[in-house]
Amino acid sequence: MKFTDRLRENILPVWRKNHSHPFVQGIGDGSLPHDKFRFYMIQDYLYLIDYSKIFALGVVKAGKDLETMGRFATLLDGTLNFEMDLHRKYAARFGISEEELESAKPSPIVLAYTHYMLTVSHNGTLAELVAALLPCAWSYWEIGKELNEIPGASEHEFYGDWVKTYSSKEFGDIATWCIDLMNELAEGKSEKELANLEEIFLNTTRYEYMFWDMAYNGQMWPTDDK
């Protein structure tokens, strides 16, 4: 069994809750209210800013492995100069200006999630860094593929492009590379080290669910007016 098979199987109930969340299902059947997706787009944009920093740290943590350094550098460039630009263009369809994106404040869930990943990535090994970022890439690809199987989902006026993006071969290649790298980095590690990687993977999978829930409920600080 590959290490990533173990990762997924050991937390399968949590993993599947992400797929069945009403926000995700609402994208698939087109029933998600636009205001919820609008909130999600803003928070996801803020999330990507910090997520891209993890790719930068991946370059550093890769040491003298030039191939891995180069791949992380490519992912960093793609996130900052392609994916975030697509986010801005997509957001405009929901009436979100670039000014609103740039001045937005992160929700407490986004802060907690990104700070956790960055802390693990700063202080840990390359394997720990990959364990932290893997649930996002892997679960989005799986979700995208599942939603793409729903008749009409990929052609929906508002959510079809999202489904197409995350079910695409290009995004799948990113997720597959991260999965393969996780398996490579896990080789030869002690059970204690593997258990630590599993805990990190579980934590960021939990954060993925909390992100969907935050977006669905428009959750900001409880003391702030909505």
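This report describes the fold, the salt bridges, a charged surface patch and selected residues of a predicted model.

## Overall fold

The chain is built from helices: its secondary structure comes to 11 helices and 0 strands. Followed along the sequence, the elements give the pattern α-α-α-α-α-α-α-α-α-α-α. The radius of gyration is 17 Å, close to the 17 Å that the globule rule gives for 226 residues, so the chain is as compact as a globular protein of that length.

The C-alpha trace spans about 50 × 35 × 35 Å along its principal axes. Of the 226 residues in the chain, 51% count as buried.

The model contains 9 salt bridges. One of them joins Arg6 to Glu191, with the closest N and O atoms 2.8 Å apart. Arg6 belongs to helix H1 (residues 3-10) and Glu191 to helix H11, so this pair ties together parts that are 185 residues apart in sequence.

Arg6 also meets the side chain of Glu198 in a salt bridge, at 3.0 Å from N to O. Glu198 lies in helix H11 and Arg6 in helix H1, so this pair ties together parts that are 192 residues apart in sequence.

Arg6 has a relative accessibility of 18% and counts as buried, because buried means under 20% relative accessible area. Glu198 is likewise buried, with a relative accessible area of 15%.

Asp173 counts as partly exposed, at 36% relative accessibility. Lys169 is exposed, with a relative accessible area of 60%.

## A negative surface patch

Asp65, Glu67, Asp180, Glu184 and Glu187 form a negative surface patch. Among these residues, Glu187 is found in the loop between helix H10 (169-186) and helix H11 (191-217). Glu187 has a relative accessible area of 62% and is exposed, because the term applies to values over 50%.

Ser20 is placed in helix H2, which covers residues 12-20. Its relative accessibility is 46%, and Ser20 therefore counts as partly exposed. Ser20 and Glu208 are 188 residues apart in sequence, while their C-alpha atoms are 12 Å apart in space.

Arg71 has its place in helix H5 (residues 66-92). At 27% relative accessibility, Arg71 counts as partly exposed. Along the chain, Arg71 and Trp177 are 106 residues apart, and a distance of 9.1 Å separates their C-alpha atoms.

Asn123 is located in helix H7, which comprises residues 108-123. Asn123 is exposed, and its relative accessible area is 66%. Between Asn123 and Leu202 there are 18 Å in space, C-alpha to C-alpha, and the two are 79 residues apart in sequence.

## A buried loop residue

Ala62 occupies the loop between helix H4 (34-61) and H5. With 11% relative accessibility, Ala62 counts as buried. The C-alpha atoms of Ala62 and Cys178 are separated by 13 Å, and these residues are 116 residues apart along the chain.

Ala62 and Glu187 are both loop residues. Ala62 is buried, at 11% relative accessibility, whereas Glu187 is exposed, with a relative accessible area of 62%.

Conventions:
Residues numbered from 1 in each chain as written. Predicted model: local features only at pLDDT ≥ 70, side-chain atom pairs only at ≥ 80, totals over all residues. Heavy atoms only, no water. Patch = residues over 30% accessible without salt bridge, like charges linked within 9 Å, V, L, I, M, F, W, Y side chains within 5 Å. Areas by Shrake-Rupley, 256 points an atom, 1.4 Å probe, with all protein chains shown as cover. Salt bridge = Lys/Arg side-chain N within 4 Å of Asp/Glu carboxyl O. Lys, Arg positive; Asp, Glu negative; His and termini not counted. Charge placed at Lys NZ, Arg CZ, Asp CG, Glu CD. Helix = DSSP H or I, 4+ residues; strand = E, 2+ residues; numbered from the N terminus. Buried < 20%, exposed > 50% of the residue type's maximum accessible area, 1.4 Å probe, protein only. Rg over C-alpha atoms; globule rule 2.2 N^0.38 Å.
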